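Try each one before reading its solution.

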Amino acid sequence: MTAPLKIAVAGLGTVGAGLVRLLQQQAELLESRCSRRLEVTAVSARDRDRNRGVDLSTAEWFDSPEAMARDADVDVVVELIGGENGVAKDVCEVAIANGRAVVTANKALLAHHGTALARAAEEAGVALCYEAAVAGGIPIVKALREGLAGNRVERIYGILNGTCNYILTEMRVSGREFSEVLDDAQSLGYAETDPSFDVDGIDAAHKLAILTSLAMGCEVDFDSVHIEGIRHVSAQDIAFADELGYRIKLLGIARRTADGTEQRVHPCMVRLETPIAHVEGVYNAVVADGDFVGTCVFEGRGAGAGPTASAVAADLVDIARGVQVPAFVLPAAKLAPSHTSPMDRHQGAYYVRLMVVDRPGVIADVSAVLRDEQVSMESMLQRARAPGEPVPVVITTHQTREASMARALVRIGDLDSIVESPRMIRIETLER
Ligand SMILES: NC(=O)c1ccc[n+]([C@@H]2O[C@H](COP(=O)([O-])OP(=O)(O)OC[C@H]3O[C@@H](n4cnc5c(N)ncnc54)[C@H](OP(=O)(O)O)[C@@H]3O)[C@@H](O)[C@H]2O)c1
């Protein structure tokens with residue numbers, strides 16, 4: 001039997017305590033699978049006295065996680081503190097510099113410093129693993145790195161934030177507005193007190209930047225991701241989507257185009273017949289389109305102690321078995337600079353909702369703007385009639401350039417008969 005894999009855990013919150021619990025409960029299973037024991041021998045967090053519901057009596061306590069990463073007699077340091085900079089980054093850098101493998105669940109850190117950390121890990125000859133950083137318990141990093149290694153991935157997309165998916169699902173089921181459902185999500189613990197990271201799309205963008213690198217072989221480039229959140233999605237839009245045969249989902253999408261790789265996070269209308277339309281509540285999903293395999297759909301829990309610990313444990317098993325592969329599939333030196341296609345070159349179909357004063361000639365004015373900007377209308381829907389009052393008018397378009405659509409929306413918004421800014425949601429064409 002090989003010597004045990006000695007593990008230091010930095011951060012004993014939801015994920016850290018969950019990991020310790022999993023490693024204790026599954027100790028025999030893991031030992032038989034790795035032919036060695038996985039032992040937590042060092043831990044660090046802020047509050048030494050907090051009861052974390054797990055037995056930490058056999059692990060050495062460190063007040064400083066950086067000192068632990070440097071001094072503890074361990075093979076691997078697991079960073080579960082969080083944050084793109086500061087202590088989390090220091091812990092990873094110190095661990096790598098001291099020849100220890102690193103496992104992290106920290107998507108913010110990887111989105112901003114992933115390529116540099118991968119380079120440092122390669123130079124030090126240690127593993128950098130992060131299965132838990134993207135879509136929680138779904139083993140998508142391993143799938144891209146190993147299972148789909150024979151494919152060129154043309155597009156990868158997914159529901160990457162459970163909070164947003166929960167809110168959009170609840171809005172549809174209950175017919176309530178965003179702010180009311182957000183309040184509920186906060187009291188149920190599905191949304192943070194400051195929900196902006198989730199509902200403004202930043203968390204999903206962190207994960208998308210990592211997925212893009214893995215799938216497209218480029219450097220991680222968070223700054224190039226186009227990001228829109230779900231605050232402007234209204235109950236009315238969700239009801240219209242239903243009527244038109246769509247669901248509204250916050251998707252992260254990376255797609256190869258002639259102009260470069262699109263990286264975008266925004267609300268999308270997806271056809272009801274597509275698998276991703278039926279991923280509801282806090283669940284996540286990732287769909288990869290490979291040139292040989294076709295479309296692969298991965299679905300599961302994107303957060304929570306159990307699923308996230310499960311993903312961290314998978315990385316530890318790899319390390320215990322001596323499996324070591326480049327963090328982002330290609331060696332860091334071979335990752336191409338990311339070549340992101342600007343959003344105004346995006347080509348797609350659009351849903352537009354206008355609040356118009358119901359009087360003769362309005363629709364003709366709107367149609368004239370669309371014609372001038374070469375936006376071809378696919379359908380128009382006006383449900384209520386209320387002469388002289390504002391009523392919703394919904395337009396869907398054929399494929400058009402984002403730049404044309406943006407110009408048309410500005411001009412339509414300036415028309416006298418339009419009473420609020422036009423609302424636009426992109427329609428995403430996906431496989432069934
Ligand atoms: N929660 C999830 O479902 C989930 C899912 C996927 C990925 N992740 C990622 O996993 C990481 C951890 O998330 P979490 O939800 O477990 O966070 P959390 O519950 O807030 O736990 C953070 C832990 O870090 C410790 N900590 C904070 N600052 C520290 C410092 N300066 N020195 C030492 N310890 C410090 C805290 O110590 P105290 O306990 O003593 O305060 C706490 O134990 C994040 O990167 C997150 O994005 C989380």
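**Exercise 1: the ligand shell**

Sort the residues around the ligand in this predicted model by class.

Solution. The shell divides into 10 nonpolar, seven polar and five charged residues. Among the 22 residues around the ligand, those that come nearest are Leu12, Val15, Asp47, Arg52 and Gly304.

**Exercise 2: polar contacts and burial**

Find which protein atoms lie within 3.5 Å of a ligand oxygen, taking Val15, Arg46 and Arg50 in turn.

Solution. Start with Val15: one of its backbone N or O atoms is 2.9 Å from an oxygen atom of the ligand. Next, Arg46 also places a backbone N or O atom 2.9 Å from a ligand oxygen. Arg50 uses its side chain, with an N or O atom 3.1 Å from an oxygen atom of the ligand. As for area, the ligand taken alone exposes 900 Å², and the protein buries 78% of that.

**Exercise 3: a helix pair**

Classify how helix 7 and helix 8 cross.

Solution. The axes of helix 7 (residues 162-174) and helix 8 (residues 178-187) come within 9 Å, crossing at roughly 120 degrees. Helix 7 is therefore oblique to helix 8. Finally, their crossing is right-handed.

Notes: Residues numbered from 1 in each chain as written. Predicted model: local features only at pLDDT ≥ 70, side-chain atom pairs only at ≥ 80, totals over all residues. Heavy atoms only, no water. Near = heavy atom within 4 Å. Polar contact = N/O pair within 3.5 Å; in protein donor to acceptor, adjacent residues only side chain to side chain. Areas by Shrake-Rupley, 256 points an atom, 1.4 Å probe, with all protein chains shown as cover. Nonpolar A, V, L, I, M, F, W, Y, C, P; charged D, E, K, R; others polar. Axes fitted to C-alpha atoms, helices over the stretch in contact; angles between N-to-C directions. Helix = DSSP H or I, 4+ residues; strand = E, 2+ residues; numbered from the N terminus. Parallel < 35°, antiparallel > 145°, perpendicular 65-115°, else oblique. Left-handed = near helix turned anticlockwise from the far one by under 90°.
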